[in-house]
Amino acid sequence: AARPLSDTGASNPVVDDRYAVDATAAERFRAAGYRTAVFTVLDFHPFSRRGYSHLNAYWHDPSIPNAKRDFTTVALARGVLDFLSGDGPPRFVMLHVADIHAPYRAPPGVHPRPASEVDAYLAVVAHVDAQLGVFLGVLRERGVLDRTVVVVTADHGEELRARGREGH
């Protein structure tokens with residue numbers, strides 16, 4: 001049964017040997033003949049890179065003027081769409097977006113400006129949701145969504161002083 005990481009005594013399963021695995025999901029897909037790729041803004045620990053034949057380089061999306069450095073959902077999704085295009089073997093892709101991380105700033109074009117950090121956070125969540133909707137729409141238009149498995153997950157939540165604390 002699943003349990004919270006905080007209950008295990010480990011602070012980070014990526015670097016804690018108690019969570020060593022024989023093969024990552026990407027390694028298993030790659031061994032099964034899939035082309036594998038990860039699109040992320042993070043410099044992952046080597047464990048997280050295991051099994052990926054394609055690692056994107058970080059890039060900034062120039063279509064969003066004056067955006068914070070890591071507003072990248074649009075750019076990363078474009079990279080995924082490029083990777084998925086064309087014929088060939090099936091593909092396994094991890095798209096990790098980091099727009100919803102502090103400091104929270106509303107995406108460009110959001111008016112009026114959010115009055116609080118919580119409002120800015122919610123504006124960024126809405127932005128990412130909309131961009132992922134566009135991404136899925138493109139997959140649908142290309143006729144591949146019906147034969148694509150999409151899994152959405154989160155790496156953590158933000159407290160936003162809800163219980164008097166900041167951070168993850």
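Me: Is Arg-50 buried, partly exposed or exposed in this predicted model, and at what relative accessibility?
Reply: The model is predicted. Buried would require under 20% relative accessible area, and exposed over 50%. Arg-50 falls in between, so the residue counts as partly exposed, at a relative accessibility of 24%.

Me: Which residue meets the side chain of Arg-50 in a salt bridge?
Reply: By the rule applied, the count comes to 1 salt bridge. Side chains of opposite charge can pair when their charged atoms come close. The N to O distance is 2.8 Å, and the residue that meets Arg-50 is Glu-27.

Me: How many residues apart in sequence are the parts that this pair ties together?
Reply: Glu-27 is partly exposed, with a relative accessible area of 24%. Glu-27 lies in helix α1 (residues 25-31), while Arg-50 lies in the loop between α2 (46-49) and β2, so the pair ties together parts whose separation in sequence is 23 residues.

Me: What angle does the direction of α3 make with that of β3?
Reply: The sheet has the strand order β2-β1-β3, with parallel pairing. α3 packs on this sheet and touches β1, β2 and β3; its direction and that of β3 make an angle of about 175 degrees.

Me: How many residues of strand β1 are buried?
Reply: Across the chain of 168 residues, 33% count as buried. Strand β1 (residues 35-39) is mostly covered, and the number of its 5 residues that are buried is 4.

Me: Is the ring pair of Phe-39 and Phe-83 stacked, tilted or edge-to-face?
Reply: Phe-39 counts as buried at 2% relative accessibility, and Phe-83 counts as buried at 8%. The ring centres are 6.2 Å apart and the planes stand at 65 degrees, so the pair is edge-to-face.

Me: How many residues apart are Phe-39 and Phe-83?
Reply: Phe-39 lies in strand β1 and Phe-83 in helix α3. The pair thus links distant parts of the chain, and the separation is 44 residues.

Me: What is the angle between the planes of Phe-29 and Tyr-34?
Reply: Altogether the count comes to 4 aromatic pairs. Phe-29 and Tyr-34 form one that is edge-to-face, at 4.9 Å centre to centre, with an angle between the planes of 75 degrees.

Me: Which residues do ring pairs link into a cluster?
Reply: Phe-29 is partly exposed at a relative accessible area of 31%, and Tyr-34 counts as partly exposed at 28%. Ring pairs link these two into a cluster that also holds other aromatic residues; its members are Phe-29, Tyr-34, Tyr-52 and Phe-92.

Me: What distance separates the C-alpha atoms of Val-93 and Ala-37?
Reply: Val-93 is found in strand β3 (residues 91-95) and is partly exposed, with a relative accessible area of 25%. Not counting residues up to four places away in sequence, Val-93 touches Ala-37, Phe-39, Val-80, Phe-83 and Leu-84. Val-93 and Ala-37 are 56 residues apart along the chain, yet their C-alpha atoms are separated by 4.9 Å.

Definitions and conventions:
Residues are numbered from 1 along each chain as its sequence is written. This is a predicted model: local features need pLDDT of at least 70, side-chain atom pairs count only at pLDDT 80 or more; totals for chains, interfaces and linings use all residues. Side-chain values use heavy atoms; hydrogens and water are left out. Helices (H or I, at least four residues) and strands (E, at least two) are DSSP runs, numbered from the N terminus. Buried means under 20% relative accessible area, exposed over 50%, partly exposed in between (1.4 Å probe, protein chains only). Contact means heavy atoms within 4.5 Å. Rings of Phe, Tyr and Trp (its six-membered ring) pair if their centres lie within 6.5 Å; planes under 30 degrees apart count as stacked, over 60 as edge-to-face and the rest as tilted. Two strands pair if DSSP finds at least two bridges between them. Axes are lines fitted to C-alpha atoms, for helices over the stretch in contact, and angles run from 0 to 180 degrees between N-to-C directions. A salt bridge is a side-chain nitrogen of Lys or Arg within 4 Å of a carboxyl oxygen of Asp or Glu.
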